[in-house]
Amino acid sequence: MSRRSTAPFGALLGALLAVGLLAGCTSGVAPSPPVEREAPPLNEDRPSDEVRRALAAVDPCALLEIDRDDAAFAGVEAVPRGGLFDCELPELARVELLVDFGADDRFWSERTSVGGSPVGAITAYRQRDPAEGCSVLLPVDFEHAIRFRQLRAPGDDCTLADSFASRAAVALRSDPRSLAREGDDGLVACDALAAVAGGSAAPAGAELRPLAGRFDSLARCGLWDAPDAEPLTGPLVGFTLDYFAPFEEWARSGARAELEVVSLGGVPALVQPGADGGCTLSWDARPASDPGHAGLVLRAELSAERCDDAERLAAELAPQLASQAPADPGPEQLLYAKGEEQDTAASAGCADALDPVARECAPMREGVPVPANPTEVLVRGEADPDALCAAAQGPLSTVMGQFRAPLVVRQDAVREDAPFVCEFVEPGHSLVVQLRASTDALAERPSAARGEAVELGGHAAELGEIEGALTEYRRTARIALASPSEPGYLEVVLVVRPVREDGVDGEADRERIAQLEPVAAKLAESLLGR
């Protein structure tokens with residue numbers, strides 16, 4: 001239980017001593033050398049180039065085949081359509097073979113599974129948007145996923161997205177070659193651009209990489225002037241591939257007749273001026289060979305900061321594209337078996353922590369002895385947060401309910417010297433409890449940083465202000481072992497965030513910050529004594 005007081009800490013201490021609660025509690029509270037912590041090993045990601053080529057060999061429309069016996073598709077009559085690496089059943093569903101989907105996106109998405117016999121459960125995530133509908137994402141490496149987006153019945157319904165993703169997961173995991181595209185249209189844009197990136201026409205020293213952010217795609221690539229250049233500033237050279245009507249067809253109709261046409265070794269290319277002297281060239285790379293896109297071509301589009309550079313680079317790229325071999329399906333297993341394979345860089349369990357790599361997250365070590373008394377809780381807990389986790393997980397479960405396995409992480413990702421804390425995360429990610437033990441005296445903290453004087457679990461304590469707004473609220477309680485002027489206190493931070501299914505733009509429930517006091521009181525009673 002907690003009780004507020006307007007009396008100073010000294011008066012509050014006197015009341016507590018009068019009932020004999022704290023006599024002799026601070027004996028032996030002195031700092032111990034911190035336990036050396038090595039940066040936890042990170043899981044190894046799959047080779048990005050291999051994943052991209054394996055995906056490029058997949059026919060996206062094969063992932064949207066309709067099972068006529070499935071009740072979800074009763075009455076559906078639709079023809080797939082889309083670009084090189086996506087496909088859509090109009091007004092029903094859309095699949096994109098490669099979208100950005102890193103650790104933060106996974107933290108804010110509902111983790112689930114799809115699949116079934118014979119491949120078992122496959123790791124998947126759901127995202128629900130009231131306007132855009134439900135999406136189911138199947139991770140293929142640590143930064144990307146295949147996305148199935150439901151276009152019908154926006155809101156919480158995920159029937160179609162789940163059904164498509166589940167059938168696709170079984171096929172992709174068991175036999176990806178069964179989904180191989182017909183023809184040779186599966187060209188990875190970066191493979192084509194790489195062939196000329198080191199030539200005389202390319203900017204010297206430029207780095208090749210896929211266009212990142214929300215524009216990431218197998219069909220888009222660029223050359224940047226430095227490895228750390230910001231993707232949103234744009235590349236020196238941008239390159240895309242897509243299906244389009246043949247040049248002769250729309251030139252004959254008079255479309256864009258005002259634009260200049262140049263020859264790339266006999267291949268006509270349209271020149272579209274851009275800002276600051278740059279321009280974009282587009283040309284027919286080769287006829288589409290996919291039966292679903294008969295009569296179309298693979299159109300190449302290349303932009304550069306100078307028109308002369310764009311034309312010289314396009315002249316080198318055009319013959320390369322005309323003969324480039326398509327990606328091969330390969331033997332790679334593109335998806336992740338749930339519970340068996342890690343789909344993030346962080347250690348198992350740390351996917352439930354925000355910024356786990358930057359915060360050097362590691363699960364609580366197994367077999368850590370539980371501290372035997374309040375002094376050990378603070379002394380060992382300060383030196384080794386694993387010991388604090390071991391002491392706190394039992395009492396915390398009685399008042400907080402279900403939570404993920406305890407984690408040891410840096411308190412934040414901003415300060416390089418941020419202390420390690422014990423962290424408990426609710427499965428929905430909306431409640432986080434951080435614990436830190438200190439052998440300092442609570443009263444030694446700067447007066448400006450002190451909070452309201454209260455009693456928590458029979459101990460003098462201070463309660464900080466509620467911080468944050470909308471997407472995150474936090475509040476801190478610091479509980480003295482004995483007198484605030486004597487060594488030893490426990491810090492309890494409660495963080496309230498949106499429920500993970502609501503995403504990073506959801507609103508946190510501010511009212512839940514009230515749970516700090518009963519949580520802190522229970523921990524005070526259990527860890528620091530009554």
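A disulfide is a pair of cysteine sulfur atoms within 2.5 Å. I kept that cut-off beside me while going through this predicted model.

**Entry 1: the overall count.** I looked up the disulfides and got 6 for the structure. Counting bonded cysteines along the chain, I wrote down the pattern 1-2, 3-4, 5-6, 7-8, 9-10, 11-12.

**Entry 2: C134 and C158.** I found these two joined by a disulfide, with 2.0 Å from S to S. The S-S torsion is about 100 degrees, so I noted this disulfide as right-handed. C134 sits in strand β6 (residues 133–139), while C158 is in the loop between β7 (144–150) and α4 (159–174), so the bond ties together parts 24 residues apart in sequence. I checked burial too: C134 and C158 are both buried.

**Entry 3: C61 and C87.** Here I got a sulfur-to-sulfur distance of 2.0 Å. The torsion about the S-S bond is about 95 degrees, so I put this disulfide down as right-handed. The pair links distant parts of the chain, 26 residues apart: C61 is in the loop between α2 (48–56) and β2 (86–89), and C87 is in strand β2. Both C61 and C87 came up as buried.

**Entry 4: C279 and C307.** The sulfurs of this pair are 2.4 Å apart, and the cut-off is 2.5 Å, so I could list the pair as a disulfide. C279 lies in strand β13 (residues 279–287) and C307 in helix α7 (residues 307–323), so parts 28 residues apart in sequence get tied together.

Is C307 buried or partly exposed? I got 27% relative accessibility for C307, so I wrote "partly exposed". C279 has a relative accessible area of 3%, so that one went down as buried.

Note on methods: Residues are numbered from 1 along each chain as its sequence is written. This is a predicted model: local features need pLDDT of at least 70, side-chain atom pairs count only at pLDDT 80 or more; totals for chains, interfaces and linings use all residues. Side-chain values use heavy atoms; hydrogens and water are left out. Helices (H or I, at least four residues) and strands (E, at least two) are DSSP runs, numbered from the N terminus. Buried means under 20% relative accessible area, exposed over 50%, partly exposed in between (1.4 Å probe, protein chains only).
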